[in-house]
Amino acid sequence: MLKPRSTPTRELVNLDGVWRFALDSRVDDTPWLGTLQTPLEAAVPASYNDQFTDPAVRKHVGWVYYQRTVRVPRGWTNDDVLLRFDAATHAARVYVDDALAGEHVGGYTPFDVDITDLVPAGGEFRLTVAVSGDLTNETIPPGKIEIGATGRQKQVYFHDFFNYAGLARSVWLYSRPKARIEDIVVITGFEGDEGTVEYTVATSGEAQVRVRLADTTGALVAEADGAQGVLTVPNVTLWKPGAAYLYELTAELISEDEVVDSYPLAVGVRTVETRGYEFLINGEPFYFTGFGKHEDTAIRGKGHDDAFLVHDFQLLDWVGANSFRTSHYPYAEEVLEFADRHGIVVIDETAAVGLNMGVVGGMTGTPPFPTFSEQYANDKTQAAHAQHLRELITRDRNHPSVVMWSIANEPASNEEGAREYFEPLVKLARELDPTRPLTYSVVMFATFKNDLIVDLFDVVSINRYYGWYIAGGELDVAEAYLRGDLQGWIDRVEKPIMMSEYGADTEPGLHSVWEDRVWTEEYQIAYLEANHRIFDQFPQFVGEHVWNFADFATDNGLHRVDGNKKGVFTRDRKPKAAARALRARWRGLDGRKPGSA
Ligand code: GCB
């Protein structure tokens, strides 16, 4: 899916700003049209929850309405006119004046609504967007709406971050030509110093395709005619972690000697593969240092913010991180584009978090009922999951920064039904992208003995909290458990293994002379060091992603004091003591394993 861009043949109007806003507290489900009579206004892009002081907004279950007026530029007479929502969390219905113009389910991937036949060029219309943050057992991520003793609805969910909702990313109005480029897919490679860019351009309408590839100075390095082909790049400069290099591919659609559509795409030439226990980028072993992150800031919730984007990447660089995982959902496209430009490596995850009744069962790991069952993760859940995977991969497959897809976080891969649930999804992911390795983050209840799906994937990514949820405050015991665990996986499958989560909640400013005191800044450092001592004993081990980059908001709960505090940075991005300890370990590694030459 092409991101809307301003090109010689396409125009773009940004619709961000302050919109009329109202909670829908009515019982019926008829659309709420006409001008919203509401005292409230909400900022877009941002989750709505924390913008208001009223707790009823923060905890709202059901639809909310956003509204503004929009004018279609007068010059767009011969073009198609579309609305693009970069994200509406988790479902949206879009109305143009009184007409339902489009709908979408899935809170973290974009969608278009074609309004060409609804509004003439030059015309103004009332844009109303109903957005629902509700989660059920048929949504991804899943959840459950309960009705309490007082009759109030409550959203229950099975993941450890606040269920922010609303228009968290930008909204656009854009034009595109009737005969147009629909999509572009590139697969890159190289042999010696010759690079290759295999491209496919999907079009609508009869016309010729021409593609050109330019280097960063704008000099033409290759060109070709036809909707499919391979461009060769002499003396290629590869895209490398820490040393990004982007060519620009321009695809043009030509009809009667005229360029009727034109679209540019940044292309990084690089390869990714796994071989035995190794994870290779451009044929060289790569060691991941970094974090699981969240899109999470005060007031904005999950709202995308360019200043935080720039600052977070500055901090990644400062601490020596070369990578992160988009835990636990696809991030804004701006984040991936930034990673492409700055050479940061990304593990791109779907929003499938919480497919695990064992976690709901608590530390016993005993599910209240089976996860893969009619009651919970059923065929409809799986179909929604497939749709999420499709939307993630078709959105992100051209980003050189994305080196691996993570299909789910901590699913019940040890429970009966896991294989039947995941096998078709793995097949689908490989059809959509035959080039990138696949992984999922393995929950601690799924062990090297009882996990049922690891052989379907390419990389073993484990989430382990030895020294926190297990053997909390007892790091010698934690080390022994972790050593046994890693050895077990290594003996079971010959695949690269990495830690996709390990971390300890830490209250900034809490100190102790005894470093086994949990929640202190000293303990966070000691915990990380204990883990690192074990990682460094295994040559098969390919990466460490600390949980989490920064503190983040969670649901109200007795085990969370104002959110999850496992951040190495606070929610407002101040370093805890562990940040400097990580910096000392990670800086200067350049993708090599700590301690290696
Ligand atoms: C996990 C989850 C993550 C949580 C984390 C924690 O295993 O994947 O979403 O936030 O543990 O801190 O408990």
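Glu256 sits in the loop between β18 (247-255) and β19 (258-267), and in this predicted model its phi is near 45 degrees, a positive value in a residue other than glycine. With a relative accessibility of 78%, Glu256 counts as exposed.

**Domains**

- The domain assignment divides the protein chain into domain 1 (11-176), domain 2 (180-267) and domain 3 (286-586).
- The centres of domain 1 and domain 3, taken over C-alpha atoms, are separated by 29 Å, and the contact takes 27 residues from domain 1 and 43 residues from domain 3.
- According to the UniProt record, an unreviewed entry, the annotation "domain: Glycosyl hydrolases family 2 sugar binding" covers residues 14-177.

**Nonpolar cores**

- In soluble globular proteins, nonpolar side chains tend to be buried together.
- The largest nonpolar core here has 98 residues, of which Phe291, Phe313, Phe422, Phe457, Leu486 and Tyr527 touch the most other members.
- Helix α6 supplies the largest share of this core, eight residues.
- Because domain 1 (11-176) and domain 3 (286-586) both give residues to this core, it lies between them.
- Apart from this core lies another one, of 33 residues, and among its members are Tyr48, Tyr66, Ala88 and Leu167.
- When neighbours within four places in sequence are left aside, Phe313 is in contact with Phe324, Val335, Phe338, Ala339 and Ile344.

**Helix α6**

- Helix α6 runs over residues 418-432, and its 15 residues reach 21 Å from the first C-alpha to the last, which is close to the 21 Å expected at 1.5 Å a residue.
- Its buried residues are Ala418, Tyr421, Phe422, Leu425, Val426, Leu428, Ala429 and Leu432.
- An α-helix has 3.6 residues a turn, so residues three or four places apart point the same way.
- On the face of α6 turned away from its buried side are the exposed residues Glu420, Lys427 and Glu431, whereas the buried residues of α6 pack against α5 (379-396), β26 (402-409) and β27 (438-442).

**Helix α8**

- Helix α8, made of residues 521-535, also has 15 residues and reaches 21 Å from its first C-alpha to its last, close to the 21 Å expected at 1.5 Å a residue.
- Because 11 of the 15 residues of α8 are buried, this helix is largely enclosed by the rest of the structure.
- Among the buried residues of α8 are Glu521, Gln524, Asn531 and His532, as well as Tyr523, Tyr527, Leu528 and Phe535.
- The elements that cover the buried residues of α8 include α7 (475-492), β29 (497-501), β30 (541-547) and α9 (577-586).

**Helix α9**

- The buried residues in α9 include Ala578, Ala579, Leu582, Arg585 and Trp586.
- Seen down the axis of α9, its buried residues fall within an arc of 125 degrees, so they line one face of the helix.
- The face of α9 turned away from that buried side carries the exposed residues Arg580 and Ala584.
- Cover for the buried residues of α9 comes from elements that include β23 (288-292), α2 (306-319), α8 and β30.
- Just after α9, Gly588 takes a positive phi of about 85 degrees.

**Further loop residues**

- Glu410 lies in the loop between β26 and α6, and it has a positive phi of about 50 degrees although it is not a glycine.
- The relative accessible area of Glu410 is 17%, and this residue is buried.
- Lys495, in the loop between α7 and β29, is likewise buried, with a relative accessible area of 17%.
- The C-alpha atoms of Lys495 and Val459 are separated by 5.7 Å, although the two residues are 36 residues apart along the chain.
- Leaving aside neighbours within four places in sequence, the residues in contact with Lys495 include Gly276, Tyr277, Asp455 and Asp458.
- A cis peptide bond with omega of about -5 degrees joins Ile140 and Pro141, and Pro141 has its place in the loop between β9 (124-132) and β10 (143-147).
- The peptide bond from Trp547 to Asn548 is cis, with omega near 10 degrees, and Asn548 is found in the loop between β30 and α9.

Terms used
Residues numbered from 1 in each chain as written. Predicted model: local features only at pLDDT ≥ 70, side-chain atom pairs only at ≥ 80, totals over all residues. Heavy atoms only, no water. Helix = DSSP H or I, 4+ residues; strand = E, 2+ residues; numbered from the N terminus. Expected span 1.5 Å × (residues − 1). Buried < 20%, exposed > 50% of the residue type's maximum accessible area, 1.4 Å probe, protein only. Contact = heavy atoms within 4.5 Å. UniProt positions renumbered as here; feature names shortened; annotations may be inferred. Core = buried A, V, L, I, M, F, W, Y, C linked by side-chain atoms within 4.5 Å. Domains from an automatic or database assignment. Arc of directions from axis to C-beta.
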